[in-house]
Amino acid sequence: MSLNQSLPPTRWYESLAQYQQQGVPHVLATVVAVNGSAPRALQAKMIVTQDSICDTLGGGGLEHDVTTTARQLLSGELAAEVVATTDKLKKANSEKAKAIRREAVYTKHYPLGAKLAQCCGGSVTVMFECFNLTPPLSLLVFGAGHVASALMTILAELPCQVDWVDSRSERFERYLLENDKYQDDQPSYCLPAHIRPHVDYDPVDFIQPFIRQRGQRFILVMTHDHSLDFDLVRAALDSYVALNVDSDSDSNDAEQVNTTMPYIGCISSATKAKRFKDRLLQRGYDQQLVDQITMPIGFQIGGKEPMAVAVSIAAQILQHYHNC
């Protein structure tokens, strides 16, 4: 099992679409003014992430400085230098100041002369637009029943990444493209690219790699089987505890692993919630850890229709995401 990984894009517009869907932090650098001779024309674009670039603004010293500037914006280094010049932001703490500046559009003028080791003789102005600087919203959803299907209708319209897991292949048949309806090998689904269905008979395997991801992670357990629900909730707690132990013992690993507690929620009645939490405490799980499980999930807004429940779950997730 592995979460889907896309091939690197080659053109800026392919890159922009992919990174927007994946929630990868990136900068769109655009030539917005040209005077005299320059390597690229007006509106030439490139994409920069912390570890890759896509397309070109002409190469050489110009592109090197554009790449460096974009990565300083992504990391907050440049923001820290720029925002300190305003009285309003001087009063804010440094982290807040960085966040405010990084959400803004930044422009930089480049004379194409000796300083950049380019002899074009003209000049260009480049606009830097930062995207996905806040932690991405990632969801791992177990179960493809009526509520989960209704929830996907909502999540299809939101900027997020969803891995949707069920052992019953027939639950995803309604999403199969017509020409793939009878193919078993890597079927194609008529779902948005950011919602990835997985048919798997051992769904527990998805939990640990998901918890290791960056950003805010939401694990939603809503299968057809109460015993499987319990196993998945327990596995999520075990994976979180194990990753924290591993990170404490290995400082290098600690830099790569997300050790914050993910949102762990399970669809349930009040009775099911009490039974699950009692069983976990009986098995020696810490009370404080168990209390962080959200059961039942969703706000109590009334209505038991699948879409009504899905709306309440989506609202709770969004509130949690934007308030953290």
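Visitor: Hi! Where is T223 found?

Guide: Hello! This is a predicted model, and in it T223 is found in the loop between β9 (216-221) and α8.

Visitor: Is T223 buried or exposed there?

Guide: T223 is buried, because its relative accessible area is 15% and buried means under 20%.

Visitor: What does the side chain of T223 reach?

Guide: The side chain of T223 reaches the backbone oxygen of D225 at 3.0 Å. A polar contact of 2.6 Å also joins the side chains of T223 and D229.

Visitor: And which residues is T223 in contact with, leaving aside neighbours within four places in sequence?

Guide: With those neighbours set aside, T223 is in contact with F142, G143, L228, D229 and L232.

Visitor: Let's change topic. Where is the place of D166?

Guide: D166 has its place in strand β7. D166 counts as buried, at 4% relative accessibility.

Visitor: What does the side chain of D166 reach?

Guide: That side chain reaches the backbone nitrogen of R168 at 2.8 Å. Leaving aside neighbours within four places in sequence, D166 is in contact with several residues, including G143, R171, F172 and H198.

Visitor: How many residues apart along the chain are D166 and D202?

Guide: They are 36 residues apart along the chain, and their C-alpha atoms are separated by 9.1 Å.

Visitor: You mentioned F172. How many aromatic pairs does the structure hold?

Guide: The structure holds seven aromatic pairs. One of them is F172 with Y189, an edge-to-face pair with 6.2 Å centre to centre and 70 degrees between the planes.

Visitor: Which parts does the pair of F172 and Y189 tie together?

Guide: Both F172 and Y189 lie in the loop between β7 (161-166) and β8 (195-199), so the pair ties together parts that are 17 residues apart in sequence. F172 is buried, with a relative accessible area of 0%.

Visitor: What about F230 and F276, how are their rings arranged?

Guide: F230 and F276 form an edge-to-face aromatic pair too, at 5.3 Å centre to centre and 90 degrees between the planes. This pair links distant parts of the chain, with F230 in helix α8 (residues 226-249) and F276 in helix α10, 46 residues apart.

Visitor: Are those two buried or exposed?

Guide: F230 counts as buried at 2% relative accessibility, and F276 is buried with a relative accessible area of 3%.

Visitor: What sits over the ring of F230?

Guide: The charged end of R279 sits over that ring, 3.8 Å from its centre. Elsewhere, K45 lies over the face of W12, at 5.5 Å from the ring centre.

Visitor: Back to α10. Where is A273 found, and what does A273 touch?

Guide: A273 is found in helix α10 (residues 270-282). Not counting residues up to four places away in sequence, A273 touches S268, M295 and P296. A273 is buried, with a relative accessible area of 7%.

Visitor: Last topic: what should helix α2 span?

Guide: Helix α2 covers residues 60-75, and at 1.5 Å a residue its 16 residues should span 22 Å. The end C-alpha atoms are 23 Å apart, which agrees.

Visitor: Which residues of α2 are buried?

Guide: Among them are G61, L62, E63 and V66.

How values were computed. Residues numbered from 1 in each chain as written. Predicted model: local features only at pLDDT ≥ 70, side-chain atom pairs only at ≥ 80, totals over all residues. Heavy atoms only, no water. Helix = DSSP H or I, 4+ residues; strand = E, 2+ residues; numbered from the N terminus. Expected span 1.5 Å × (residues − 1). Buried < 20%, exposed > 50% of the residue type's maximum accessible area, 1.4 Å probe, protein only. Contact = heavy atoms within 4.5 Å. Phe/Tyr/Trp six-rings, centres within 6.5 Å; stacked < 30°, edge-to-face > 60°. Lys NZ or Arg CZ within 6 Å of the ring centre and 35° of its normal. Polar contact = N/O pair within 3.5 Å; in protein donor to acceptor, adjacent residues only side chain to side chain.
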